[in-house]
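Work through the exercises below with the sequence and the model side by side, and try each task before reading its solution.

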Amino acid sequence: MFTPRGLGNPPAVRRDHERDQRRSAPVDRGPHRFPPGLFDAVLLDRDGTLVEDVPYNGDPEKVRPVPGAREALDRLRAAGLRLAVVTNQSGLARGMFTADQLRRVNARVEELLGPFDTWQVCPHGERDGCACRKPAPGLVRAAARALGTSPTRCVMVGDIGADMDAAAAAGAAGIMVPTPATRPAEVASAPTVVDDLPAAVARILDRIGLVAAPASASRRGTVLVVRSDAAGDLLVTGPGIRAVAAGADRVVLLCGPRGRAAADLLPGIDEIIEWPLPWIDGHPAPVDPDDIHRLTDRLTTADADEAVIFTSFHQSPLPLALLLRMAGVPRISAISDDYPGSLLDIRHRVPTGVPEPERALSLAAAAGFTLPDDDEPALRLRADRLPAAPAGPGEPGYVVLHPGSSVQTRACPPELAIRIVRVLHGAGYRVVVTGGPDERELTARVAAAGGLDLGGRTGLGELAAIIARAGALVVGNTGPAHLAAALRVPVVSLFAPTVPYGQWGPYRVPTVRLGDAGAACRDTRATRCPVPGHPCLSAVEPGRVLSALRLLGVPADAPAGAVFAGPPRGPAVTATGGVAR
């Protein structure tokens, strides 16, 4: 194998006769198999992440690895992961060093830290307008291509916000290892933050191992899976449900009314039981003993061989586990911090901050279910369940703006939404404004600035069909963001930091995050903004949304000043009623 030639790459060295396993050769992975598609490769920034940051360094003698770097990288190589260096080197454009000096510095990095499968170097300056300089996603995409994988199967490790932004814009995961030079705002915005490079490697391997079931695990029969939440919660649980379906003869889903429309779109489900659970719903009705008895009877008729109860981190699976025991279900698995007594057969624990889809996959794995080799842990929908999109938006390529949310803290402030439409419209973007039946007044106000108003005119399926034809979705932390992720549509995420972004942000889809990640509402889980004026989002400049679309490569395809002809005629609300917000 050869290290490829190119600008900034170390000299080509023959490596295929080396006897060690530092390259990403297949190795024995022990009693667990790593699931295909979680991570194939790790991309690493050079200066400040792999080696000490010496500004504009052209001297190989000044290369100093960060503590523990070689051992950490060897752990990744031994796990079969491919490695790439992705680095901005504007010193070349500035004349601070030559291309030959850059190659010799990079060769010294390999000499000290072992070989990398590819080097991707941006030699341009900040004002050159290239597509490769981080935070643009070009280097991440190029590294994925060189490694024979996709950005969604890569994780980027870096020390500044540009590294995290480049990863997100390409759809890759990101782990930040801050240095004293890292700005606090960059740390606050990062999806995952650890202390050093060895900790980053440990986090990567832990996430991989968390969703890997023992190789001998094999489950069959009828499995009852549970997620009684809103549509977005069902969507992020989808990979876990598919993992169960891959090892079960039949899958029965218990969900609540708020999630039913999403459940109808998820692959792997054979039957749906819709039932509200008063210990889960945010606005529950009083507990009705007769209703609980009827639910227990209905669970009995499912004749399940086992159950897997998916919950959010703040919810308890134990009340339902008791009912399932009463219904005669012999094997029950759930995540529970509380002592379950005899209610659970598999009591699973998950570290904080794990992305929700991986959290669900980890529970499925603990119960003995993993995704098949031809699947990967991305969100997915059943294409055969999507209705035709309404005719009003016209040709694909428009931008969807979904300003509302059932949780006030996660909605885009109306005045900001109006300004976003005005700016995008003026830049030549066609904007479609969507919302639920109770948001018609909001969407009409917002769309009046230059968009097409579809507020209250789509059910969840129609909304998915509209998003599927979009160039991008601009949205808060709410259900449509996960629809976009399932449809591989880029997201401009107006993310209020009331919940962790790394856990609830759009998963494995190109994304730009906007908003004040360090605002006073951070990690409060507040449903109504605790700070007057909603400052975490209201301070976002609409021009940043425009810049985000350009970073994501979403072109404006409408002539500047063009106006939509108006909403489609006739009712388009489905029986499921409204959208998941």
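**Exercise 1.** Decide how far helix α5 (residues 161-170) is covered.

*Solution.* Helix α5 is mostly covered, since eight of its ten residues are buried, where buried means under 20% relative accessible area with a 1.4 Å probe and protein chains only. Helices here are DSSP runs of H or I with at least four residues, strands are runs of E with at least two, and both are numbered from the N terminus. The buried residues of α5 include G161, D163 and M164. As a next step, look for their partners: the buried residues of α5 pack against elements including α4 (138-146), β4 (154-158) and α19 (542-551), with contact meaning heavy atoms within 4.5 Å. Just after α5, G171 takes a positive phi of about 95°.

The model is predicted, with local features needing pLDDT of at least 70 and side-chain atom pairs counting only at pLDDT 80 or more, while totals for chains, interfaces and linings use all residues. Residues are numbered from 1 along each chain as its sequence is written, and side-chain values use heavy atoms, leaving out hydrogens and water.

**Exercise 2.** Describe the surroundings of F116.

*Solution.* Begin with burial: F116 and W119 are both buried. Then compare their rings, whose centres are 5.7 Å apart and whose planes are at 80°, so the pair is edge-to-face; rings of Phe, Tyr and Trp (its six-membered ring) pair if their centres lie within 6.5 Å, and planes under 30 degrees apart count as stacked, over 60 as edge-to-face and the rest as tilted. Finally, R77 lies over the face of F116, at 5.4 Å from the ring centre, a charge sitting over a ring if NZ of Lys or CZ of Arg is within 6 Å of the ring centre and within 35 degrees of the ring normal.

How values were computed. Buried < 20%, exposed > 50% of the residue type's maximum accessible area, 1.4 Å probe, protein only.
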